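Me: I have a structure to go through with you. Let us take it by question and answer, in short steps.

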Amino acid sequence: MPNNLLEIRDLHKSYGDVEVLKGVDCTMQQGDVVSIIGSSGSGKTTMLRCINMLEEFQSGSISIDGEEIGYEMAGTQRRRKKEKEIARQRALTGMAFQQFNLFPHMSAVRNVMLGLIKVKKLDKDEARAVSEKWLDRVGLLARADHFPGQLSGGQQQRVAIARAIAMNPRLMLFDEVTSALDPELVNEVLQVIKTLAQDGMSMLLVTHEMRFAYEVSNRVIFMNQGLIGEEGNPRDMFHKPKSERLAEFLKTSSFA
Amino acid sequence: MDISHFLDVLWLARSPILKGVGVTLSISLLAICCGTLLGVIVGLALTYAKAPLRWIVRGYTDFIRGTPVLVLVLASYYVLGTIGLDLGPFQAGILALAVFCSSHVGEIVRGALQSIPKGQTEAAKAIGLTFPQTFAYVLGPQALRQVLPAWVNTAAEMVKASTLLSIIGVAELLLRTQELISRSFMSLEFYFFAGFLYFTINYAIERFGRYVERKIAVPS
């Protein structure tokens with residue numbers, strides 16, 4: 001049996017005494033587009049960040065293509081993998097952040113090139129070619145030599161997505177990528193993500209854009225108080241919620 | 001005040017003055033270079049080192065920054081000798097200034113590194129960069145731009161602090177000037193002239209800093 005693209009088993013995560021993830025299970029196949037919805041504090045972003053080892057987690061496991069992320073067993077002792085190994089595993093996933101996090105001292109194209117040169121070890125010309133291809137895909141080839149400070153929020157986020165996806169990750173993680181944007185800039189970013197989804201990119205999105213989650217995903221996960229409250233295809237989730245919590249959440253969110 | 005007479009005396013005194021300027025420049029340059037090198041290490045330790053080491057370095061910077069430079073200079077010359085580290089006035093002076101410089105540069109570097117948003121490190125991690133790579137290509141270059149104005153300021157402070165070495169008998173510009181005054185009694189003229197020379201050195205440092213700042217400025 002082939003491995004699942006992503007397999008999360010009984011994921012637990014606490015900050016001090018506060019348990020934010022209380023045993024999350026989740027699997028994804030190649031090509032899946034999964035949206036995670038839920039109120040703030042439900043643990044959706046934390047779960048995403050655990051997949052990329054931006055957060056440590058206390059127990060449970062995360063694997064990508066059957067490869068366990070972040071931790072290994074030494075005898076009976078669970079320990080964090082070596083930093084170099086974690087760095088390599090992080091490149092299996094790409095991540096786009098709410099705050100874009102472009103490197104402000106580099107032009108758009110250099111932002112995309114950095115990982116290609118330093119992690120993928122491409123030479124400069126190859127890296128530039130790949131970067132320009134992806135900047136073109138997000139509609140910003142003409143802005144390749146602009147610096148982040150010279151770009152609008154929407155443009156910055158599109159560059160950030162190009163930067164992540166140029167690394168050819170197995171799975172793209174989107175962490176509320178439109179939350180920091182002015183309303184009129186949201187669409188250009190969502191459009192880019194939609195195109196990527198149509199091209200078969202596997203992705204996991206934390207989003208507050210219910211309409212978008214409905215349209216783009218083949219599965220929706222509703223997180224509630226550190227657990228998966230309900231999951232299913234978008235049609236059922238949005239039109240026939242089984243749990244009261246989800247029905248309530250949908251009522252208060254913008255999905256009409 | 002007779003200008004042409006002063007110019008005559010000044011011309012005759014050109015050699016000690018030039019030597020004094022040379023010593024002042026060497027002291028400053030050495031202190032700034034060593035102090036900056038050490039200061040970057042101090043700044044890195046203050047930002048990234050684990051608890052016991054970080055506390056030690058924090059203690060070092062707080063102690064040095066809370067001590068007058070003159071005390072450091074005197075201690076380095078007179079006290080180190082008593083524990084067997086016999087330095088000449090020139091070396092002792094540079095050691096004191098470099099140590100002083102390092103505590104300031106350390107704080108500047110720490111401030112710059114800590115002001116970089118956490119998202120920068122996270123984005124670098126997310127594309128698979130290791131920490132040394134993250135520092136070299138993402139954090140370092142951003143910190144450098146922030147550090148520069150304060151660093152130029154510290155460099156100018158070091159030039160001024162170099163005058164304190166006259167007290168332990170280093171023949172830098174101020175001591176040379178005082179020697180000339182004691183022979184010619186032209187205190188106003190020579191102090192003015194020395195002041196002018198210090199100003200020129202610091203002005204050059206400041207212009208250079210501005211130039212580099214412009215060169216590496218990020219377009220926005």
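Reply: Contact here means heavy atoms within 4.5 Å. The model is predicted.

Me: With that cut-off, which residues does A:Phe174 touch, not counting residues up to four places away in sequence?
Reply: Residues up to four places away are left out of this list. Two of the partners are A:Leu48 and A:Ala96. Then come A:Ile161, A:Ile193 and A:Leu196.

Me: In the largest nonpolar core, which residues touch the most other members?
Reply: This core holds 109 residues. Nonpolar side chains tend to be buried together in soluble globular proteins. The top three for touching other members are A:Phe174, A:Met203 and A:Leu204.

Me: Which helix gives this core its largest share?
Reply: The share is eleven residues. They come from chain B, from the helix at residues 89-115, α5.

Me: How many residues are in the second, separate core?
Reply: Its members include B:Phe6 and B:Ala13. B:Leu174 and B:Leu180 are also among them. The count is 16 residues.

Me: In what order do the six strands of the open sheet in chain A run?
Reply: The edges are β8 (93-96) and β12 (227-232) of chain A, each pairing on one side only. The pairing across the sheet is mixed. Neighbouring strands are turned by 20 degrees against each other on average, direction ignored. The order is β8-β9-β10-β3-β11-β12.

Me: What is the bridge partner of A:Met95 in β9(A)?
Reply: β8(A) pairs with β9 (residues 171-175) of chain A in the parallel sense, over four bridges. Both faces of β8(A) are covered. A:Thr93 and A:Met95 are buried on one side, A:Gly94 and A:Ala96 on the other. The partner of A:Met95 is A:Leu173.

Me: At about what angle to β11(A) does helix α9 of chain A run?
Reply: β11 (residues 219-224) pairs in the parallel sense with β3 (residues 33-37), both of chain A, over four bridges. A:Ile36 has A:Ile221 as its bridge partner there. Helix α9 (residues 244-252) of chain A lies across β3, β11 and β12. Its angle to β11(A) is about 100 degrees.

Me: Why does the end-to-end distance of helix α8 of chain B agree with its residue count?
Reply: The helix covers residues 173-184, which is twelve residues. At 1.5 Å a residue they should span 16 Å. The end C-alpha atoms agree with this because they are apart by 16 Å.

Me: Which helices are included in what covers the buried residues of α8(B)?
Reply: Those buried residues are B:Leu173, B:Leu174, B:Leu175, B:Thr177, B:Leu180 and B:Ile181. Just after the helix, B:Phe185 takes a positive phi of about 60 degrees. The cover includes two helices of chain B, α2 (14-48) and α9 (187-216).

Me: Which three residues supply more of the area that chain B buries against chain A than any other three?
Reply: The contact takes 20 residues from chain B and 26 residues from chain A. The two chains bury about 2000 Å² between them, 67% of it on carbon and sulfur atoms. Three residues supply 28% of the chain B part: B:Ala126, B:Ile127 and B:Tyr137.

Methods
Residues are numbered from 1 along each chain as its sequence is written. Chains are lettered from A and ligands numbered from 1 in the order in which they are written. This is a predicted model: local features need pLDDT of at least 70, side-chain atom pairs count only at pLDDT 80 or more; totals for chains, interfaces and linings use all residues. Side-chain values use heavy atoms; hydrogens and water are left out. Two strands pair if DSSP finds at least two bridges between them. Axes are lines fitted to C-alpha atoms, for helices over the stretch in contact, and angles run from 0 to 180 degrees between N-to-C directions. The expected span of a helix is 1.5 Å times one less than its number of residues. Buried means under 20% relative accessible area, exposed over 50%, partly exposed in between (1.4 Å probe, protein chains only). A nonpolar core is a set of buried Ala, Val, Leu, Ile, Met, Phe, Trp, Tyr and Cys residues joined through side-chain atoms within 4.5 Å. Buried area is the accessible area (1.4 Å probe) that two parts lose on being put together, summed over both.
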